[in-house]
Amino acid sequence: MKERIDFARNAEAALRNPFLQSALRTAMVRFRSLRDAVVEEVPEWQVLREYAYATKMHVLANLDRYLTRLEANVAAAGGVVHWVRSGDEAASTIVDLARRHKAQTIVKSKSMTTEEIELNRFLHAAGVQVAETDLGEYLIQLAGERPAHFVVPAVHKSKGSIAALLSEKLGIPRFDDAAQLTRAVRGELRQRFFAADMGVSGVNFAIADTGTIVIVENEGNARLTTTLPRVHVALMGIEKVIPRLADLAVFLTLLPRSATGQRMTGYVSFITGPRRAGEVDGPEEFHLIIMDNGRSSIHADRAMRECLACIRCGACLNSCPVFERTGGHAYGSVYSGPIGAVLTPLYRGLDVGRDLPFASSLCGACEEVCPVKIGLPRLLLELRSRIVRRRGASWMDRLFVRGWVATMMNPTRLRAAGRVVRILHHLALRQRVPLPYPFSEWSKARDLPPPAGPPFRDRWRS
Amino acid sequence: MSAREEILRRLRATGEAEAPLPEIRAPIRITGDPVQLFLERAAAVGADVVRITSGGLAERVVRDLRRRGVQAVAVWEDPVLASVQSALRAEGVEILLPQDQTSTRVTRADAGVTTADYAIAETGTLVLTCSPLRPRSTSLLPPLHVAVLSRDRILPTLEHLFTDLHVLPSALTFITGPSRTADIELTPVQGVHGPVSIQVYVLG
Amino acid sequence: MRATLFVTCLVDQLFPQVGEATVSVLRRLGVEVEFPRAQTCCGQVAFSDGFWPEAQRLARRLLPTFADVPDIVVPSGSCAAMLREFYPTLFRNQPWLAEQTRRLVERTYELSEFLVDVIGRDDVGAYFPHTVTYHASCHGLRGLRLREQPLRLLRQVRGLQLRPLEGLEECCGFGGMFAVKFSSLSASMLETKLRAIEATGAEVVTGTDVSCLMHIAGGLSRRRSPIRAMHLAELLAAQ
């Protein structure tokens with residue numbers, strides 16, 4: 001899609017939705033307080049963030065070596081590694097594997113990477129049934145919607161709308177209780193796990209030294225997805241690799257606390273190849289798909305490279321005052337919030353994502369909570385400068401900024417302009433003069449400041 | 001050029017950058033008794049945890065499972081569980097051994113009984129490894145997971161675990177409480193896809 | 001002791017009393033204040049909006065204006081942060097300016113950190129018998145790590161009753177051009193901030209940045225609130 005993501009319009013629509021505003025505010029406040037409580041328990045938190053950043057940047061500086069080491073160790077454990085350049089190649093690899101194994105149904109655990117490549121659309125087109133098994137993703141799939149948040153994809157849906165949806169699709173009564181609704185889904189999906197010929201998962205971390213992939217979850221659906229079907233296919237972006245098993249001591253401390261305010265998520269699966277001789281369960285085949293899909297371009301871009309350190313915790317979303325008011329859909333892309341405002345222009349082009357880096361007050365709350373210390377505000381600023389340089393800005397913007405700078409270049413000019421502005425200010429206060437851009441936007445919600453009298457520089461006496 | 005070659009070439013092409021790999025962090029000493037901390041932290045995440053002597057284990061497990069109306073259990077083959085297995089058999093509880101644990105059978109069991117290789121006190125986490133005598137599904141498919149843990153396997157922190165752990169099985173799993181979600185209006189619900197409840201017996 | 005005042009364009013043109021208050025406080029503490037008349041603007045507005053070449057013009061002008069001067073005091077967290085955090089970025093492709101930039105960066109202080117960390121005074125002899133609540137402006141808070149200094153100063157003002165502001169670290173929604181480009185979002189963030197301010201029952205809301213305070217005051221005025229927005233310097237100058 002080459003059309004610009006109109007964030008301002010999407011934000012306006014979100015602001016006009018009282019249920020969404022209330023749901024988001026409640027969810028974000030809750031996430032923040034849960035996160036803060038468990039982070040406070042870790043006195044060495046800042047040291048861990050430094051470690052995580054340094055480890056990720058080291059890996060990125062030696063990414064080819066770590067990926068080949070990972071590949072060798074996955075193969076040594078009996079797994080098969082596939083390398084793909086693009087999302088389309090990844091999806092067709094999965095379709096091929098499904099066909100080769102005559103898989104008619106696939107179960108999937110939650111993976112932003114599979115959303116990024118729109119895997120389900122490919123599978124449907126190829127006549128393969130795919131069942132989302134994460135509760136939130138399952139609900140979204142039933143409703144035909146896109147996720148509104150990495151961690152709680154259905155945060156924008158009320159319990160009532162979920163009850164209505166499940167009642168319609170599963171033929172169950174409209175329960176008022178979250179526990180009953182959940183149990184109904186458990187029963188429905190349990191059958192799907194058994195019927196599935198193939199399970200597709202994402203990867204939170206891939207350990208180069210041991211050829212192990214690590215999956216973090218609460219529900220147990222990833223365990224089921226990677227245990228019951230005969231074939232397990234795991235999709236990872238090239239940036240997911242970390243060097244040593246012991247590095248997980250740090251990353252598994254940072255991720256659950258940052259994402260959901262838990263000391264540890266319900267389950268963490270460490271998978272090293274398929275089942276071994278004599279084992280009675282587990283997949284017979286394990287496939288790891290290592291995907292580029294634009295990451296190598298970001299990797300080559302030194303100023304932007306650090307955004308590949310992201311571990312997809314969602315903490316930046318939860319701390320962002322803009323995200324809190326718009327939710328994930330407004331960002332028009334699978335990655336939302338502050339990290340999304342950086343990734344979307346990079347993955348989909350400055351044309352498509354050109355509003356996103358500007359849709360921020362640069363408050364820096366995201367950077368403060370990022371467990372891997374990505375300098376998000378700085379990345380947003382860098383993107384702003386590229387967008388202005390390559391696409392130009394609106395003529396109003398250019399007029400205002402250049403006018404400002406021209407005035408400020410010269411104190412005499414400033415003095416003269418200051419006098420004119422003071423007169424206009426007085427007139428504006430008496431509403432005799434309609435305000436030009438950007439002051440017109442200002443006045444929608446705010447009064448102008450009171451008249452100031454002579455500027456400081458005129459009052460100064462040594 | 002294959003996709004592999006192309007990707008690796010692109011990644012190599014960007015040249016060297018000075019970015020040293022940090023040293024692995026040494027395990028930090030925690031204050032207090034790790035066993036006590038484990039009990040607290042596991043309970044905090046919704047696990048039922050009791051301390052018991054090895055002598056009292058079998059009787060206690062049988063009593064607790066009977067109270068829950070358990071009639072069929074899937075078990076791991078492990079010397080620690082031998083007394084439990086025989087006591088359950090004596091009670092007429094159906095025992096499903098590893099070699100018979102097909103997924104259709106295990107999912108119909110009322111409980112899965114396993115040991116735990118390690119536990120992490122700081123987070124209340126059990127660590128389970130799989131093998132031919134220790135299927136993955138035992139702790140996953142039945143609605144109740146019963147885990148027997150020796151107190152000397154309780155490690156204070158994650159760092160302690162990874163210091164010890166070098167060789168990995170095909171599947172190693174961290175289990176922290178029962179399965180859960182908060183996807184519906186952020187309401188916490190226990191028991192989604194994995195077990196609905198978990199009972200831990202700490203020996204010693 | 002001597003200090004150089006970088007008064008900032010907003011204070012100079014729209015809130016000159018804040019500049020006067022800053023000078024008054026510094027002089028009271030025995031600091032001799034210099035004011036290079038050539039100064040105008042640090043270029044933050046252009047820089048934040050992506051106009052880096054334009055911002056560079058203003059920054060290149062500021063460098064010689066403040067070369068070889070004693071410590072630079074700025075009554076604005078965001079302008080001090082612009083100099084310290086982002087001038088090195090602006091000049092990253094001009095290594096011949098690196099030394100000048102470095103000297104500028106190491107001598108630039110926001111007002112409250114100058115008082116508390118450099119002069120070493122929490123008590124500046126101020127008297128302001130009113131209820132006050134404090135809003136922590138983002139750039140000062142996160143860019144300069146100004147968590148403690150403004151509060152320490154406020155606690156020593158005689159007669160001042162400090163009321164804690166819920167969400168004091170949440171952004172007020174100004175963000176430079178953000179306030180006009182995404183004015184509905186900005187207004188929504190402002191609304192949250194205003195409600196929190198009103199809930200404290202304080203007579204005055206204060207902070208380190210007139211940009212935030214202007215935005216907050218504009219909202220307070222629109223809803224005819226009697227609450228006044230005053231810069232930290234004005235409270236510290238009060239006697």
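**Three chains, their contacts and the spaces inside**

Chain C and chain A bury about 5800 Å² between them, and 61% of that area is on carbon and sulfur atoms. I wanted to open with that, but please keep in mind that what we are looking at is a predicted model.

Let's stay with this pair for a moment. On the chain C side, 66 residues take part, and they are in contact with 61 residues of chain A.

Now turn to chain B. Chain B and chain A bury about 7000 Å² between them, with 60% of it on carbon and sulfur atoms. In case you are wondering about that unit, the size of an interface is often given as the accessible area lost when the parts come together. The contact takes 97 residues from chain A and 75 residues from chain B. Here the three residues to look for are B:D183, B:I184 and B:H193, which supply 12% of the area that chain B buries against chain A, more than any other three residues.

While we are on chain B, have a look at helix α1, residues 3-12. Its buried residues are B:A3, B:I7, B:L8 and B:L11. Why do they sit on the same side of α1(B)? Because they cover an arc of only 120 degrees around the axis.

Next, the empty spaces. Rolling a probe the size of a water molecule over the atoms shows where empty space is left. In this model the count comes to 5 cavities of 30 Å³ or more. I'll show you two of them.

The largest cavity has a volume of about 170 Å³. Its lining has 20 residues, and those nearest its centre are A:R223, A:T227, B:R136, B:A171 and B:T173. Which elements each supply at least two residues of this lining? From chain A there is β9 (267-271), and from chain B there are β6 (125-129) and β9 (171-175). By type, the lining residues divide into 10 nonpolar, 8 polar and 2 charged.

The second largest cavity holds about 140 Å³ of space. It is lined by 15 residues, and A:C320, A:P338, A:A359, A:S360 and A:L380 lie nearest its centre. Two or more lining residues come from each of α15 (321-326) and α16 (337-348) of chain A. This lining has 12 nonpolar residues, 3 polar and no charged.

Before I stop, two details of the backbone. B:L186 has a phi near 60 degrees, a positive value in a residue other than glycine. You will find B:L186 in the loop between β10 (180-181) and β11 (189-190) of chain B. Is B:L186 buried or exposed? Its relative accessibility is 13%, so B:L186 counts as buried.

The other one is C:T8, also not a glycine, with a positive phi near 80 degrees. C:T8 is placed in the loop between β1 (2-5) and α1 (9-14) of chain C. With a relative accessible area of 3%, C:T8 is buried.

Definitions and conventions:
Residues numbered from 1 in each chain as written. Chains lettered and ligands numbered in written order. Predicted model: local features only at pLDDT ≥ 70, side-chain atom pairs only at ≥ 80, totals over all residues. Heavy atoms only, no water. 1 Å grid on protein atoms, 1.4 Å probe; cavity = no way out; pocket = protein on both sides within 12 Å on 5 of 7 lines; lining within 4 Å. Points joined across faces, edges and corners; volume = space filled by probe spheres on them. Helix = DSSP H or I, 4+ residues; strand = E, 2+ residues; numbered from the N terminus. Nonpolar A, V, L, I, M, F, W, Y, C, P; charged D, E, K, R; others polar. Buried < 20%, exposed > 50% of the residue type's maximum accessible area, 1.4 Å probe, protein only. Arc of directions from axis to C-beta. Contact = heavy atoms within 4.5 Å. Buried area = accessible area lost by both parts, 1.4 Å probe.
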